[in-house]
Amino acid sequence: MEAKIGKFFESVGDFFTGGDQIPWCEPDIIAGCEREVADAEKGSSDELKSQCIMRLSWALVHSKRAEDVQRGIAMLEASLAGSGSNPLQARENLYLLAVGYYRSGDYSRSRQLVEHCLEVAPDWRQALTLKKVIEDKIKKDGAIGIGIAATAVGVLAGGVAAAVAAARKK
């Protein structure tokens, strides 16, 4: 019984805090990836540079800091424009862009990108999981919006009823 109650409160907490299954990345990991990119730019192969930039992009879009996420989105969009010959890299970039847009709150753009990923690889578990997380977030935000609107209407109706009652007493 206690386990069920604990699960209930955990799910309620996740509902209001936006708990999801997408990992976060700490600032020290981002700093390490930035050092890797800087070192790779000192004469490493293009493939190594590309891998380092991809790791940094991953870290940035999984950051808790909005400015890091935006930086990651910009890097991925630039990389996507230059990855036309490598479909696997393009798919990974699309997925990471979807994560970035999800983290920045642009759920419709995120859903659009993840659906494009699923057109390329319909059984890709990460993309399927992200799609579910996005859809759950959209539903949750809709429910919260409806709740706020209903509360506002209730408060307004209560205020009008109080005003009418006060006017009748006079």
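User: Buried means under 20% relative accessible area, exposed means over 50%, and partly exposed lies in between (1.4 Å probe, protein chains only). What percentage of the 170 residues in the protein chain do buried residues make up?

Analyst: This is a predicted model, in which local features need pLDDT of at least 70 and side-chain atom pairs count only at pLDDT 80 or more, while totals for chains, interfaces and linings use all residues. Residues are numbered from 1 along each chain as its sequence is written, and side-chain values use heavy atoms, with hydrogens and water left out. Of the 170 residues in the protein chain, the buried share is 30%.

User: How many helices does the protein chain have?

Analyst: Helices (H or I, at least four residues) and strands (E, at least two) are DSSP runs numbered from the N terminus. The pattern along the sequence reads α-α-α-α-α-α-α. The chain has 0 strands, and its number of helices is 7.

User: How far apart are the end C-alpha atoms of helix H6 (residues 107–120)?

Analyst: The expected span of a helix is 1.5 Å times one less than its number of residues. For the 14 residues of H6 this rule gives 20 Å, and the end C-alpha atoms agree with it, being apart by 20 Å.

User: Which residues of H6 are exposed?

Analyst: The buried residues of H6 are Tyr 107, Ser 110, Leu 113, Val 114, Cys 117 and Leu 118. They lie on the same side of H6 because they cover an arc of only 145 degrees around the axis, the arc being that of the directions from the helix axis to the C-beta atoms. On the other side of H6, the exposed residues are Ser 108, Glu 119 and Val 120.

User: Are H5 and H6 roughly parallel or roughly antiparallel to each other?

Analyst: Axes are lines fitted to C-alpha atoms, for helices over the stretch in contact, and angles run from 0 to 180 degrees between N-to-C directions. Angles under 35 degrees count as roughly parallel, over 145 as roughly antiparallel, 65 to 115 as roughly perpendicular and the rest as oblique. The axes of helix H5 (residues 87–103) and H6 come within 8 Å and cross at roughly 160 degrees. H5 and H6 are therefore roughly antiparallel.

User: Is the crossing in which H4 passes H5 left-handed or right-handed?

Analyst: The axes of H4 and H5 come within 9 Å and cross at roughly 155 degrees. A crossing is left-handed if the near helix is turned anticlockwise from the far one by less than a right angle, and right-handed if clockwise. The crossing of H4 past H5 is left-handed.

User: Which residue meets Arg 71 in a salt bridge?

Analyst: A salt bridge is a side-chain nitrogen of Lys or Arg within 4 Å of a carboxyl oxygen of Asp or Glu, and this rule gives a count of 7. For Arg 71, the N to O distance is 2.4 Å and the partner is Glu 34. The pair links distant parts of the chain, 37 residues apart, with Arg 71 in helix H4 (residues 66–81) and Glu 34 in helix H2 (residues 27–40).

User: By about how many helical turns are Lys 132 and Asp 136 separated?

Analyst: The side chains of Lys 132 and Asp 136 meet in a salt bridge, 2.8 Å from N to O. Because Lys 132 and Asp 136 are 4 residues apart in helix H7 (residues 125–169), their separation in helical turns is about one.
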